[in-house]
Amino acid sequence: MVRNTVTDLDNLTQALARNLKHLRAERGFTLDALAARAGVSRGMLIQIEQARTNPSVGTVVKIGDALGVSITSLLDFDQEPQVRLVPPEQAVRLWSTEAGSHSTLLAGTEAPGPLELWHWTLVPGDASSSDPHPIGTTELVHVTAGTLTLEVDGDTYTVPAGTSACFESHVPHGYRNDGTETVEMTMAVSVPEPR
């Protein structure tokens, strides 16, 4: 007996395909124009729109930035209610390592520009780097456990538990755990409204 099991990943792949096609058409971008704007190959965009691939978080972020929308908009298909509750089982884990580090997109919105709320776990020795976001993008990080090593444009900052950091993320940046205790943090990312 063959079971047809639809996984969360299958649902995300289908939502990404549908939303990417819709948003690209809504903005009047050709595949070539969006590829150039996002720094992603035309072939990758075709595979995503046909739900034939599961792109990296970095690729989805680049596409979202190029379209002026959050990752939430690319992965979500129901954004109608004025108040939208996101139960824990609908939070989306978008990055993880074999060691156990991970990031989870908790919620997001588009008003006035994309705004995302994340929960991150970084086990000792793990790190995540990010390409620059559009000019005007701001990130807020609040560390609740451990000590985060924050890198912003080549400078390093130590952010212990109970401390928050705010920075403009249109430059290379990343998060590391150089300590012996797991880092837990909450992050908000605000991307400016597309012009």
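This is a predicted model: local features need pLDDT of at least 70, side-chain atom pairs count only at pLDDT 80 or more; totals for chains, interfaces and linings use all residues.
**Figure 1. The protein chain as a whole, with its 5 helices and 10 strands.** Helices (H or I, at least four residues) and strands (E, at least two) are DSSP runs, numbered from the N terminus. The mean pLDDT (the predictor's confidence in each residue, from 0 to 100) of the chain is 85, and 88% of its residues reach 70 or more. Confidence is highest in strand β9 (residues 173–176), at a mean of 96, and lowest in strand β2 (residues 102–109), at 79. Of the 195 residues, 42% are buried; here buried means under 20% relative accessible area, exposed over 50% and partly exposed in between, with a 1.4 Å probe and protein chains only. Contact means heavy atoms within 4.5 Å. Among contacts between residues at least 6 apart in sequence, 62% join residues at least 24 apart.

**Figure 2. Two residues with positive phi, A51 and D153.** Most residues other than glycine have a negative phi, and most peptide bonds are trans. With 22% relative accessibility, A51 counts as partly exposed. D153 is not a glycine either, and its phi is about 50 degrees. Look for D153 in the loop between β6 (147–152) and β7 (155–160).

**Figure 3. Helix α1 against helix α3.** Two packed helices are described by the angle between their axes and the distance between the axes. Axes are lines fitted to C-alpha atoms, for helices over the stretch in contact, and angles run from 0 to 180 degrees between N-to-C directions. The axes of α1 and α3 come within 7 Å and cross at roughly 120 degrees. That makes α1 oblique to α3; angles under 35 degrees count as roughly parallel, over 145 as roughly antiparallel, 65 to 115 as roughly perpendicular and the rest as oblique. On the α1 side you will find L16, A17, L20, K21 and R24, and on the α3 side L45, I48 and E49. These contact residues divide into 5 nonpolar, no polar and 3 charged. For this grouping, Ala, Val, Leu, Ile, Met, Phe, Trp, Tyr, Cys and Pro count as nonpolar, Asp, Glu, Lys and Arg as charged, and the others, Gly among them, as polar.

**Figure 4. Helix α2 against helix α4.** Helix α2 (residues 31–38) packs on helix α4 (residues 57–67) at an angle of about 110 degrees, with the axes 8 Å apart. α2 is therefore roughly perpendicular to α4. L34, R37 and A38 of α2 meet K62, I63, A66 and L67 of α4. This contact has 5 nonpolar residues, no polar ones and 2 charged.

Figure 5. Of the 11 residues of α4, 8 are buried, so the helix is largely enclosed by the rest of the structure. The buried residues are T59, V60, V61, I63, G64, D65, A66 and L67. After α4 comes G68, with a positive phi near 75 degrees.

**Figure 6. A closer look at L67 of helix α4.** L67 is buried, with a relative accessible area of 2%. Leaving out residues up to four places away in sequence, L67 touches L20, L23, R24, R27, F29, L34 and L74. One of these, R27, is 40 residues from L67 in sequence, with 7.7 Å between the C-alpha atoms.

**Figure 7. T137 in the loop between β4 (127–130) and β5 (138–145).** T137 counts as buried, at 0% relative accessibility. A polar atom of the T137 side chain lies 2.7 Å from the backbone oxygen of P134. Beyond its neighbours within four places in sequence, T137 is in contact with F167, E168, S169, H170, V189, S190, V191 and P192.

**Figure 8. T144 in strand β5.** T144 is partly exposed, with a relative accessible area of 48%. Not counting residues up to four places away in sequence, T144 touches A161, E184 and M185. The C-alpha atoms of T144 and V183 are separated by 7.5 Å, although the two residues are 39 apart along the chain.

Methods: Residues are numbered from 1 along each chain as its sequence is written. Side-chain values use heavy atoms; hydrogens and water are left out. A polar contact is a pair of N or O atoms within 3.5 Å; within protein, one must be able to donate a hydrogen and the other to accept it, and residues adjacent in sequence count only if both atoms are side-chain atoms.
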